[in-house]
Amino acid sequence: MSILEFDNVSFSYAGSNENVLEDINFSIEYGEFVVLCGQSGCGKSTLLRHTKKNQIPEGNGTGNMYFEGEDIELMDDRKSASDIGFVGQNPDGQIVTDRVYHELAFGLENLGIPLDEMRRRVSEMAEYFGMESIFNKSADELSGGQKQILNLASVMVMRPKLLVLDEPTSQLDPIASEKFIHTLEKINRDFGVTILISEQRLEEILPIADRVIIMHQGKIAGDVLPEETGYIMKKINSPVYKAIPAATKLFTEFVGDGTAPLTVRDGSKWLKGVKKDCEEIKKDSTEIKNNISCDSKNQVKEAGDEIVLKCRNISYSYGSEKVLKDFSADIPKKSIYAILGGNGSGKTTALKIMSGIYKAKKGKVVSNGRVIYLPQNPQTVFTEITAFDELMEVYLSHKSWFKDMTDDERSDECERMLSFLELDSHRKKNPFDLSGGQQQRLALGKVLLLKPDILLLDEPTKGLDSEFKDKLSHLLRKLVKEGITIVLVSHDIDFCAETADYCSLLFDGELTKKESTTNFFSNNYFYTTSVNRMFKLAGISDDVITYNQAALLLKEDFNK
């Protein structure tokens, strides 16, 4: 008997005739680690919410979902709460109490677990997750990564048989994300907990998965082994193909079907076999270094470019905690400047100071032009009933900025933006009913309508699938050509490598030296792309940082 089974499940939200899920059929065996992937808005979150009784959304559905052979909709509430754990995207969205130890005990209290047993289980789980140092802390003091680990521990203390996770690393930095994924692997291995996880970032999750379920437009388009993912995704033209590990994608492009490498280690072994001639290696890697124009957007601008945003010796504290100290930055005009760093390093604070939302305790900010800031949580900018009204609200709340536009011109501009954002079919939907990625796109559309000179983006790729990340990258490059300067903070290393002109790392309140994107990533050990790690480990080149550069280098070999 399977632990989880979906039998011809279809579903549409209340007030809509369009199915978000259509004829979903699959089963998961006890102890399996299954990854669910697909483009933003394809129905992943809706499917996952159908695995737990109290998470099933309002709407019209057909078919049945079974947990251990029992209809999920008819399950006892207590059994559903204890046996099926659920962790969502937003680290803050699940925390309901003030203290870490309160949060760990909350579920057990609701189940009426005796006090002595509750203390033992909470202590055991805190020890397992290494939470001793934060056990008595306020939940508000935790970093994003710590909050998500707390959410996971609060579920695991209930001792679930099935753990369902909806893009749990979408708001985490690379280090916290890697730690979280390895924790899931350990839980699956140590306790035999069955895991069903939805993810956009497949680099780390695919190598530890047993199976991959591929969704496309509300349907299951594939149910495959991880090694087959690249080949199948390419065959069905899945929009998520670009999100698979770089090693897998390169193998799929140049070899095709077969057992594809999933990790940097295995990818480097394959590359060594491909590039056998040492003289050829030197020749090709030198060409890459001298002809990095295959990603011409990463070319270093000439020194002396006009600085449109200048920060000098900024200091900022939250109470006694100093977040920024001696923070300085020069942002060149018509460039994309990426700031990377861990959760809690002060990246968002820096953007808010640049935008004028926060006032620096010390130092100054000088800007030349209209500065617009897009916050990390898109829901904070939503005020209207429909997606179209949300865009029109920009013109209504900034009438003096757009007084020369007619009503028809404003409406046309909103329609154009909806089309670009691929939200045409969702124009009448409430913004809060959109998926996380769709909400991110709509919020971006609002700030773009404001015609900023300097655009500050806080985690702009959060919740976006790989296909729209590419479109966003091209859009940002287009905006730069039109004269807009962009500063973004992000955990998405690959996006920064492919998009930015300059990069810096924010650590201990200070910003490292501004470097070209190529120099920044090629000189880093951890804060670099898997492509760069792979080509370094294979002894081919230190300067290949993007997939396009890697493909250009390999193309010469496979065309010989």
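A cavity is a set of grid points where a 1.4 Å probe fits but cannot get out. With that in mind, welcome to this predicted model, which holds two cavities of 30 Å³ or more.

**The second largest cavity**

Let us look at the second largest cavity, which has about 40 Å³ of space. Which residues line the second largest cavity? They are Leu374, Gln440, Arg441, Leu444, Pro460, Leu464 and Phe468. Of the elements that contribute to this lining, helix 14 (residues 436-449) gives the most, with three residues. By class, the lining divides into five nonpolar residues, one polar and one charged.

**Two helices that meet**

Now turn to another part of the model. Two packed helices are described by the angle between their axes and the distance between the axes. For helix 12 (residues 387-397) and helix 13 (residues 407-420), the axes come within 10 Å and cross at roughly 130°. The two helices are therefore oblique to each other, and helix 12 passes helix 13 in a right-handed crossing.

Which residues meet where helix 12 and helix 13 touch? The table lists them by helix.

| Helix | Residues in the contact |
|---|---|
| Helix 12 | Ala387, Phe388, Leu391, Met392 and Tyr395 |
| Helix 13 | Arg410, Ser411, Glu413, Cys414, Glu415, Met417 and Leu418 |

Sorted by class, this contact of helix 12 with helix 13 has eight nonpolar residues, one polar and three charged.

Methods:
Residues numbered from 1 in each chain as written. Predicted model: local features only at pLDDT ≥ 70, side-chain atom pairs only at ≥ 80, totals over all residues. Heavy atoms only, no water. 1 Å grid on protein atoms, 1.4 Å probe; cavity = no way out; pocket = protein on both sides within 12 Å on 5 of 7 lines; lining within 4 Å. Points joined across faces, edges and corners; volume = space filled by probe spheres on them. Helix = DSSP H or I, 4+ residues; strand = E, 2+ residues; numbered from the N terminus. Nonpolar A, V, L, I, M, F, W, Y, C, P; charged D, E, K, R; others polar. Axes fitted to C-alpha atoms, helices over the stretch in contact; angles between N-to-C directions. Parallel < 35°, antiparallel > 145°, perpendicular 65-115°, else oblique. Left-handed = near helix turned anticlockwise from the far one by under 90°. Contact = heavy atoms within 4.5 Å.
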